Amino acid sequence: MSAATPNAVRGIRGVAAYLPHWRLQRSAVTAVLGSNAGKGTRTVAAYDEDAVTMAVEAGRRALRVAGEASVDALWFASTTGPYAEKTAAPIVHAALRLDGAVPAADAGPGLRGAAAALRSALRSTDPGVLVCAGDVRTGPAGSTEEKGGGDAGAAVLVADATSGPLAAEYLGGASATQEFLDRWRAPGELRTHAWEERFGQQRYDDLAGRAWDAALKDAGVDVEQVSRVAVSSPHARAGAALAKKLGAAGVDVADRLDQSVGFTGAAHPLVLLAGLVEQASPGQVVALVALADGADVFLFRVADSAAEAVAARPTVDEQVASGDDSLTYAKYLNWRGVLPVQPPNRPEPARMSASAAERRLDWKYGFVGSRDRSSGALHLPPARVSFVGGAVDDMDPAPMADVPATVATFTVDSLAYSPSPPIVFAVCDFDGGGRLPVELTDVTADQVSIGMAVEMTFRRLNTADGIANYFWKARPAASARVAAPTEGGA
Amino acid sequence: MASHGIKDRVAIIGMGCTPFREHWDKGLDDLAVEGTHAGLDSAGIGIDDVDAWWLGTAQSGMSGVTLSAPLKLQGKPVTRVENYCATGSEALRQACYAVASGAYDVAAAVGVEKVKDSGYQGLNAFPIPNDGTNRTLTAAAMFSLVAPAYAEKYGVDPAELRRVLARIASKNHANGAKNPRAQFRREMDVDAICAMPAVAGMLSVFDCAGVADGAASAIVVRAEDAHHYTDKPLYVKALSFVAGNASGLLDPDYDYTHFDECQWAAEDAYAQAGITDPRRQLAMAEVHDCFTPTELVLMEDLGFSARGEAWKDAEAGVFDLHGELPVNTDGGLKSFGHPVGASGLRMLFECWLQLRGEAPEDRRIDTADRGLALTHNLGGYPGEMVSFVGIWGNRPG
């Protein structure tokens, strides 16, 4: 971890979005509430997902693209993190198995956090800075945030060009800030309040204009050179107005994903950034405008070589086109805690032990088992004594989060406690050895079969005593989804 | 190093067993007093005649004081043991070894469980602080994994297997209906059981053991002393126990169609008792039918059926009350109920009644030619369990 070369070319080493599997059709809201909830779908975090888990999933994808790139600092941005007091970033840090010397901090609770962290990362002297964001946008039934919001995670690894190929080089950018009140939510409150729309639109229009002009100047780029711009805005009309204005200036405007995903809060600028980079042609200049209590504009030139601009998979487009839109509005409301339903009459889980969790840090957060050096037998969780041959303390760590697995047998438990019964549970056998009986997620009971390909995903199992308890589950691999009958386009 | 056993060295001279019920009107102390004194009365001895005590309770109390306080024992050793759902058998096993060692003349094993004060259905283990990664599946769901695996391995149509499992439940209900101490005394036919909604895999609540409060006890003495107390003692032929190492959870080779711990415990027990053909030498068996698929594969693990054949034998009535080898003649866990710490002793209580010819006439089996009975008690889940097997006989040799 040497300091970055002064004035080194910096940019995006890897960027990825994570869109959750479930979609809510806005017509399903209309059908229940009567008032028109609009067209299209929004993405929905499952009951076992939150800002942290989605940020982790996006971070895994971004790091996969980035290869062996070093991460020297981690930022986590969200307006819906699990804690008010405890820093959530170390959870992401643990799940991504980052080095202990890497600082991990939250970029504050506001909507501007991810854009601010991105700006900071681009100007940092740390060779590699990972910014992970996640948000679960919701509100009372029928609220703007419920209808127009979406849930997602996104992550970008900002790095020096000297440390490896960049997917997109940072050309320059600018910000504009002025205090004004547009929308607000008190800590712990479900509802987001908003001032009269036209006031916020006027303020954003002014801020965006100033930042845009300054950014072009900073980057030394004329507007004609900008191939495409993405506009992220919590204020839908302000975003649309800005897009229209930039479009009139001849810039191609990227889909804000309103009809398919919704506005995903602090994660949204990075979700759009992932799409920009994935969709751009080699050498194109692209711009990201992030409105949120101010304006931040970033200009990038996408790598000339397609080999360098490796897209994270699945891409934003691929994720938008997949997903399951059969989710009922009742289940959506239940998952968000707006419509509590009677759970099975079983004890709720006890809170996790902090010290036990710390001892098992690599297992619980990183999904690292152990492999016996003499027999090769894999142990999930890690063990000191091998079940084959009995060798003692002769194992190597075995990171298993990215290893594919297959369902050996499964069951459906309607009796056990779950935030969303029934529990679908499978005995999963990993490619190359290793077995774990583990809960499945993002799946309905009728979609599971013996032999189904599954992959591991980081989830929030439950919450007890205010403690968010995270661990891994298995979910159908993308390949196993191809034949799924309920697969719906978004 | 070997397992030698204590064949014919100790004997059971008295047993007691309370009804297994939702005893809303009885606490642990009431059940302990009633279960213990029934055993003492059966042996014709007083409480001070017992030199040492073993208490089996899985989660109703801790330490020997859980027994010594309600019984008001005076200066006697009491050991509380716990070994999952095999807790009652473990208490009995320790009492037998204590007498066999010569340390005590008279030992008592008492199993007691008060489960119905939790406010929840089913069994609920008290939570041990952990890292939050443990699965939260019910036992029913864990054992439900056996059914599809068995159907797949042996090419049994799942619908047919469903009926076989229902037949096992129906048999145990029919036996339990004849048992005044049993929790459930209603006969259930196969069609009615098959029609129940599934709650865990293909299992319905009628595939699950009843959960009840209850207590049972046994008084153990040296075999040569047994006839001082009774003309019809039961001799200990074998006691075996295996605690698995949970590798079934780690090992992709484990296929959920058998329980190694049970097979190993059975092989050890048969060696101790000199049994070579259990299906023909045993008069009866009481096995741990916590869920219907469990009883199915136990018939194979215990050597009563060949691998892949138990479903046919169950269908053919081999294990019925008057079949070739009656299994769970008292209704089993399914119908008698499952107060965890008491169940292992309850199994022996049925052998005690049957091998002494004292079972009620409507469920009495023929023991004229066969004087041996088996009890099998397990705890845990497929891939990570403990298993006990005991062999008992109504005559030495």
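Predicted model: local features only at pLDDT ≥ 70, side-chain atom pairs only at ≥ 80, totals over all residues.
**Stop 1: chain B as a whole**

Select chain B. Its secondary structure comes to 13 helices and nine strands. The radius of gyration is 20 Å, close to the 21 Å that the globule rule gives for 397 residues, so chain B is as compact as a globular protein of that length. Turn the chain along its principal axes. The C-alpha atoms fill a box of roughly 55 × 50 × 45 Å.

How much of chain B is buried? Buried residues make up 58% of its 397 residues. Now think about which parts of the chain meet. Take the contacts in chain B between residues at least 6 apart in sequence: 78% of them join residues at least 24 apart.

**Stop 2: one residue in chain B**

Select B:Val81. This residue lies in strand β3 of chain B, residues 78–81. Is B:Val81 buried or exposed? B:Val81 counts as buried because it has 23 C-beta neighbours inside 10 Å, and the cut-off for buried is 20 or more.

Next, show what surrounds it. Leaving aside neighbours within four places in sequence, B:Val81 is in contact with B:Trp54, B:Gly56, B:Thr87, B:Glu90, B:Ala91 and B:Gln94.

**Stop 3: two crossing helices**

Stay in chain B. Select helix α3, residues 87–100, and helix α13, residues 340–355. Their axes come within 5 Å and cross at roughly 65°.

Which residues of α3(B) meet α13(B)? They are B:Thr87, B:Gly88, B:Ser89 and B:Leu92. On the α13(B) side, color B:Val340, B:Gly341, B:Ala342, B:Ser343, B:Gly344, B:Leu345 and B:Leu348. By class, this contact has five nonpolar, six polar and no charged residues.

**Stop 4: helix α5 of chain B**

Select residues 146–154 of chain B, which form helix α5. Its buried residues are B:Val146, B:Ala147, B:Ala149, B:Tyr150 and B:Ala151. What covers them? The cover includes α4 (139–144), α6 (158–177) and α10 (292–301) of chain B, together with β18 of chain A. Step just past the helix to B:Gly155. This residue takes a positive phi of about 65°.

**Stop 5: where the chains touch**

Show both chains. The contact takes 35 residues from chain A and 30 residues from chain B. Several elements of chain A each supply at least two residues to its side, among them α11 (354–359), α12 (361–364) and β19 (423–430). Which element gives the most? It is β18(A), with five residues. The residues on the side of chain A divide into 20 nonpolar, eight polar and seven charged.

**Stop 6: the sheet in chain A**

Now hide chain B. Find the open sheet of five strands in chain A, with the order β20-β19-β18-β21-β22 and antiparallel pairing. Strands of a sheet pair through backbone hydrogen bonds, either parallel or antiparallel. The edge strands are β20 and β22 of chain A, and each pairs on one side only. Look along the sheet: the twist averages 25° from one strand to the next.

Zoom in on β19(A) and β20(A). They pair in the antiparallel sense over five bridges. Pick A:Asp429, whose bridge partner in β20(A) is A:Arg435.

Move to β21(A) and β22(A), which run antiparallel and are joined by ten bridges. A:Arg460 has A:Tyr470 as its bridge partner in β22(A). The hairpin of these two strands has two residues between them, and A:Asp465 takes a positive phi near 60° there. Eight of the ten residues of β22(A) are buried, so this strand is largely enclosed by the rest of the structure.

**Stop 7: two domains in chain A**

Color chain A by domain. Domain 1 covers 10–335, and domain 2 covers 354–366 + 401–481. Their centres, taken over C-alpha atoms, are 27 Å apart. Where they meet, 17 residues of domain 1 are in contact with 17 residues of domain 2. On the domain 1 side, α2 (51–66) and α3 (89–95) of chain A are the elements that give two or more residues. By class, that side has nine nonpolar, three polar and five charged residues.

Note on methods: Residues numbered from 1 in each chain as written. Chains lettered and ligands numbered in written order. Axes fitted to C-alpha atoms, helices over the stretch in contact; angles between N-to-C directions. Helix = DSSP H or I, 4+ residues; strand = E, 2+ residues; numbered from the N terminus. Contact = placed C-beta atoms within 7 Å. Nonpolar A, V, L, I, M, F, W, Y, C, P; charged D, E, K, R; others polar. Buried ≥ 20, exposed ≤ 12 C-beta atoms within 10 Å, placed from the backbone. Rg over C-alpha atoms; globule rule 2.2 N^0.38 Å. Domains from an automatic or database assignment. Pairing = 2+ DSSP bridges.
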